[in-house]
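I opened this notebook to record a few look-ups, residue by residue. The structure comes first, and the entries follow.

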Amino acid sequence: MFILIEMQTTGEQTAIPPIVTKTDRNEAEAEFHRLCSIAAVSSVPIHTVMMVDEYGNTQRAEHYTHGGAD
């Protein structure tokens with residue numbers, strides 16, 4: 001099982017939209033890339049996408065910063 005987590009950080013607050021789970025790795029990878037394509041062009045200062053397995057091991061992670069966020 002793969003869990004896809006998206007985090008949107010603005011200032012001191014982080015929002016986590018609904019988490020998505022996939023049982024097939026290829027489907028999980030496709031969803032990861034779909035979420036990354038949204039995060040890459042968003043206006044959220046720090047936009048992170050992670051794919052973890054059912055044990056919490058990070059399989060993939062990307063973050064994008066916008067508007068001068070570090």
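Entry 1, a histidine. I found a polar contact of 2.7 Å that joins the side chains of His 47 and Ser 42. I use polar contact for a pair of N or O atoms within 3.5 Å; within protein, one must be able to donate a hydrogen and the other to accept it, and residues adjacent in sequence count only if both atoms are side-chain atoms. The model is a predicted one: local features need pLDDT of at least 70, side-chain atom pairs count only at pLDDT 80 or more, and totals for chains, interfaces and linings use all residues. Residues are numbered from 1 along each chain as its sequence is written, and side-chain values use heavy atoms, with hydrogens and water left out.

I placed His 47 in strand β4; helices (H or I, at least four residues) and strands (E, at least two) are DSSP runs, numbered from the N terminus. Is His 47 buried or exposed? His 47 is buried, at a relative accessible area of 2%. The cut-offs are under 20% for buried, over 50% for exposed and in between for partly exposed (1.4 Å probe, protein chains only). I then listed contacts, meaning heavy atoms within 4.5 Å. Neighbours within four places in sequence aside, His 47 touches Glu 6, Met 7, Gln 8, Ala 39, Ser 42, Glu 62, His 63, Tyr 64 and His 66.

Glu 29 lies in helix α1 and is buried, with a relative accessible area of 15%. I noted a polar contact of 3.1 Å between the side chains of Glu 29 and Arg 60. Outside four places in sequence, Glu 29 is in contact with Met 51 and Arg 60.

Which residues make up the largest nonpolar core? I recorded nine: Phe 2, Leu 4, Ala 28, Phe 32, Leu 35, Cys 36, Ala 39, Val 49 and Met 51. Such a core is a set of buried Ala, Val, Leu, Ile, Met, Phe, Trp, Tyr and Cys residues joined through side-chain atoms within 4.5 Å. At least two residues of this core come from each of β1 (2-10), α1 (25-41) and β4 (46-53). Helix α1 gives the most, with five residues. Beyond four places in sequence, Leu 35 contacts Leu 4, Glu 6 and Val 49.

Lys 22 belongs to strand β3 (residues 20-22) and is partly exposed, at a relative accessible area of 25%. With neighbours within four places left aside, Lys 22 contacts Met 1, Phe 2, Leu 4, Glu 27, Ala 28 and Glu 31.
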